[in-house]
Every structure is written in structure tokens, then in C-alpha cells.
Amino acid sequence: MAKKNASFEDLLEELSVLLQQMESDEIDLDTAISNFEKGMELILKANEKLARYEEKIKIVLASSKGIIIKPVSEEELADEL
Amino acid sequence: MSEEDYKVKTDYISVSQLNTYIKKLNENDEVLQNIKVQGEVSNLKRAVSGHVYFTLKDAEAAMKVVCFRTYLAKISTEISDGKKVIVSGSISLYVKDGILQLYATNIVSAGVGDLYQNFLALKEKLEERGYFAAEHKQLLPKYPENVGIITSNTGAVVHDMIRVLRRRYPGISIYLYPSSVQGEKSLIELPAAIKLANLHAKVDVLILARGGGSLEDLWAYNTEVLAQAIFTSKIPIISAIGHETDVTIADFVADTRAATPSVAAELVVPEYIQLLQQLDQYAHKFISMTEKITTSKANKLQQDVLQRLGNSLQAKLKREQDNTKRVAKQFEQAVLHVGDKALNRIQQASIRLDLLSPLKTLSRGYAICQSPLSGKLIRSVHEVILKDQLSVQMADGKLHCRVEGVSE
């Protein structure tokens with residue numbers, strides 16, 4: 001089953017493994033149905049993942065106190081032009 | 001006018017005449033009219049008119065240089081104090097101040113020739129160390145969630161890239177690791193930005209980008225320090241430095257090279273729509289595969305059931321048949337057995353019958369006396385009266401008799 005924080009790529013990889021199994025002639029009905037269920041779950045997860053991305057730009061700077069990350073809008077960047 | 005006055009008069013010339021004379025001397029000298037001079041820029045002044053004035057000097061001497069606006073427009077080299085340059089032009093005297101000046105028609109960086117040599121030498125050295133080898137190239141992630149950009153956070157380049165990234169993948173997370181992209185600072189800041197991104201360990205891929213420029217402008221991308229930072233980066237790096245024709249050491253070391261920053265942005269992220277379509281395709285495949293499998297399994301199951309049912313019926317039938325046969329056989333045997341016994345008894349009986357047979361007795365001379373009407377055997381003289389008819393069975397025939405007398 002998929003890792004909790006599986007990347008989109010992991011999810012697709014897992015999906016294609018499940019599909020490959022289903023394309024094999026030797027698959028039994030139980031496995032096929034279980035693969036179908038798993039596949040649908042993975043697709044939902046991947047979809048959620050795509051939807052969850054938040055649009056953001058952040059500037060990362062090094063400082064004596066460590067890494068500073070500050071959000072910046074494109075407009076703010078434009079102001080610096 | 002005295003003679004002395006005349007002498008004096010003829011003895012000297014005016015400053016203007018002198019300067020004009022010197023100017024002419026210079027202008028007649030072929031060497032001085034087309035000369036290249038190397039030195040360091042100092043005292044740089046940009047006049048409101050657009051002309052540039054500076055002093056070109058080396059350790060022991062200095063020469064004033066003027067570069068007029070019209071020539072300056074064609075010169076791409078950035079001129080700054082302390083910079084070593086080669087100035088092409090002609091020497092002339094500025095009559096008004098009596099100063100010899102170099103009138104520049106072109107200025108190039110004195111380092112360029114050296115820079116190119118350095119570039120080649122470093123390229124060869126790093127190539128030998130395997131910095132460019134294919135086996136060290138990391139694959140770019142197919143579906144990055146966080147993209148890092150190392151460039152100046154001002155200027156068109158970063159905006160172009162953000163625009164492309166967002167067009168392809170709305171909502172992509174972008175992390176900027178700002179750095180100077182030319183000049184002394186960039187030599188330190190560029191490798192530092194790569195190290196910072198690795199330390200931050202947030203982005204899946206880094207774009208090292210810069211707009212076009214001269215070899216000199218791009219020099220920070222040709223240093224060993226940067227090459228090393230790229231080579232040791234755990235995060236895959238795509239380089240997009242300058243125009244397509246500009247190739248830097250960083251491009252050779254990077255995991256992938258893009259022709260321009262916008263192209264790098266295109267390469268780095270997939271198109272969002274395509275991802276959605278891909279997921280959709282997966283879903284369709286799953287559904288159709290499952291349908292196919294369940295249908296074929298159902299058919300097979302049906303066949304199996306029929307087959308098994310058939311088999312079992314057949315088996316049952318066979319069992320029944322076998323049973324029937326067995327029973328029949330048993331019956332037959334029983335019958336035979338019974339039959340044999342019966343036959344035996346019949347035979348014995350017939351033997352006995354034969355012995356007891358009246359016919360045999362008759363043949364020995366006995367006769368059977370019967371009433372001809374009832375067939376009743378007459379066993380006693382008391383059973384008849386006079387004149388009764390009797391039938392007497394002999395071995396070879398019958399006598400029809402009448403009772404004439406009875407004696408006891």
C-alpha cells in the first residue's frame with residue numbers, strides 16, 4: 001500500500017505495477033478486484049495531491065541564525081525590478 | 001617694433017600654434033593613429049553628454065582616454081574602475097588643454113583572451129576528473145512538487161521562469177535562492193546558493209539561470225568552485241545560462257542543460273492538464289481491465305460450473321449404471337443359484353419319480369384299477385358293486401371290464 005507521504009511519482013509507479021498485474025493472465029478475481037480498489041484509492045490520492053498544491057513563491061536566504069524563508073508575491077518581485 | 005621684438009616674435013609661437021603643431025605631428029604618425037593600449041581603468045567619469053572619460057594606467061604611467069557616445073554605444077564591455085582593458089583608437093592632443101589623449105573607438109576587456117584560455121584549461125581539467133561524465137548525471141524528477149531557482153531575484157529572467165512554471169503547472173511551489181549573476185559577488189554567491197538549497201533540502205530540482213551576456217559577464221559560471229558545488233549537489237540541477245550559443249562550465253557539469261531559462265522552466269515541470277489526463281487514463285484502464293477480468297472470470301466460472309455439473313452427473317450416472325449392473329448380476333447369480341438348486345431337486349425328484357412310477361410297476365405285471373367315470377383309483381373290493389364298470393390300466397394298454405363277482 002502507498003506510503004503515507006508518497007510523492008505523485010510514487011503513486012503513479014504503484015498504479016502502473018497494479019495495472020501490470022492486472023494485465024497478466026494469471027491474476028485471480030480476488031486479486032483483480034483488490035487491485036482495482038487499491039488503484040482507485042491511489043488515483044484519488046494522486047488527484048488530491050494535485051489539488052493540494054498551493055501556489056506560492058518563497059525566498060530562501062542564509063543568515064547567521066540559519067535559513068530564513070519568506071513568502072514573496074510576484075508583484076513584490078516585480079517591484080524590485 | 002624693435003628687432004628684439006621681432007626676434008622675440010619669431011622666437012616663439014602661440015600655445016595654440018604649438019598644440020596644433022603637436023596635434024598634426026601625432027595625426028601624421030601611423031602608429032599613433034591605429035593603436036591598441038592595455039591598461040587599468042581609473043578615474044572613470046561619465047559625462048552628461050554620454051561620453052566617457054577615464055585614465056588608463058599601468059604601474060608606471062597614465063594616459064587620458066575619451067570614448068565618445070557614438071562609439072560607446074557599440075561597446076559591450078562594461079567599463080569600471082580597476083578593470084583591465086584594451087583600448088583601440090588614436091592618440092591626439094586636446095588642443096584646449098594641451099593634453100595627449102587616447103580617443104577610443106573600441107574597448108574590450110583585457111581578460112577576455114585569458115578568460116577563454118582559462119575556460120578551456122578548466123574544462124579539460126574537470127573533464128579529466130569526470131565532472132561531465134554521464135554516469136554522474138542525476139535524472140530530473142518527473143513530477144517535482146517544489147522547484148528551486150538560483151538567479152537574481154530582480155530582472156526579467158526570474159519573472160519569465162515563474163510565468164512559464166505557473167502556466168504549465170498552476171500552484172507549483174517555487175523557492176528562490178537569490179544570487180548575483182555577475183561580478184565579484186556572484187563568484188561566492190552562486191556556489192553558496194547551491195549549498196543553501198541543499199542544506200534547505202526542500203526542492204526536488206534546481207534551475208541555475210541567467211540571461212545572456214558576454215563571456216566576461218558569464219564568468220561566474222565558469223569557475224571551479226561553482227562546478228564543484230553543482231557536481232556535489234544532491235538536488236538535480238538544470239542549467240540555463242545565457243543564450244543558446246553561450247556555453248559555460250556550469251552547463252557541462254549540470255545534470256541537464258537548457259537553452260534558455262524559459263526552456264528550463266518548461267523542462268522542469270510537467271503540464272498540469274496532462275497529469276490530470278494521465279490519472280484519468282489510469283482510472284479508465286483500471287475500470288476496463290477489471291470489467292474485462294470479471295467478465296472473463298465469470299464466463300470461465302460458468303463454464304467450470306457447467307463442466308463440473310456435467311462431470312458429476314456423468315459420474316452419478318455411471319455409479320447408477322454400475323449399481324444396476326451389479327444388482328442385475330447379483331440377481332442373475334441369485335436366480336442361477338436358485339435355478340441350479342431347483343434343477344437339482346427336479347432331477348432328484350424325477351429319479352425318485354421314475355422309481356415310483358406306476359408305469360414301471362405296471363411293466364412288472366401290476367395293473368391300476370380305476371373308475372372310468374371319475375378316474376378314481378379303486379383300492380378295495382368294497383369300493384365296487386356287481387356290474388360296475390372298471391378301467392384297468394396295464395403297462396401296454398387298458399382293459400374295460402365289468403364286475404361279475406366279488407370275493408374277499
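Helices (H or I, at least four residues) and strands (E, at least two) are DSSP runs, numbered from the N terminus. Two strands pair if DSSP finds at least two bridges between them. Strands of a sheet pair through backbone hydrogen bonds, either parallel or antiparallel.

Residues are numbered from 1 along each chain as its sequence is written, and chains are lettered from A and ligands numbered from 1 in the order in which they are written. Because the model is predicted, local features need pLDDT of at least 70 and side-chain atom pairs count only at pLDDT 80 or more, while totals for chains, interfaces and linings use all residues.

The contact between the chains takes 33 residues from chain A and 35 residues from chain B, where two residues are in contact if their C-beta atoms, placed from the backbone, lie within 7 Å. On the side of chain A that touches chain B, the elements giving two or more residues are helix H1 (8–23), helix H2 (29–52), strand S1 (56–63) and helix H3 (74–79). H2(A) supplies the largest share of this side, 10 residues. The residues of this side divide into 22 nonpolar, three polar and eight charged; Ala, Val, Leu, Ile, Met, Phe, Trp, Tyr, Cys and Pro count as nonpolar, Asp, Glu, Lys and Arg as charged, and the others, Gly among them, as polar.

Strand pairing also links the two chains: S1(A) pairs with strand S7 (residues 173–176) of chain B in the parallel sense over four bridges. Here A:Ile57 stands opposite B:Ile174 in S7(B).

B:Asn43, in strand S1 (residues 35–46) of chain B, has a positive phi of about 55° although it is not a glycine. B:Asn43 counts as partly exposed because it has 13 C-beta neighbours inside 10 Å; a residue is buried if 20 or more other C-beta atoms, placed from the backbone, lie within 10 Å of its own, exposed if 12 or fewer, and partly exposed in between.
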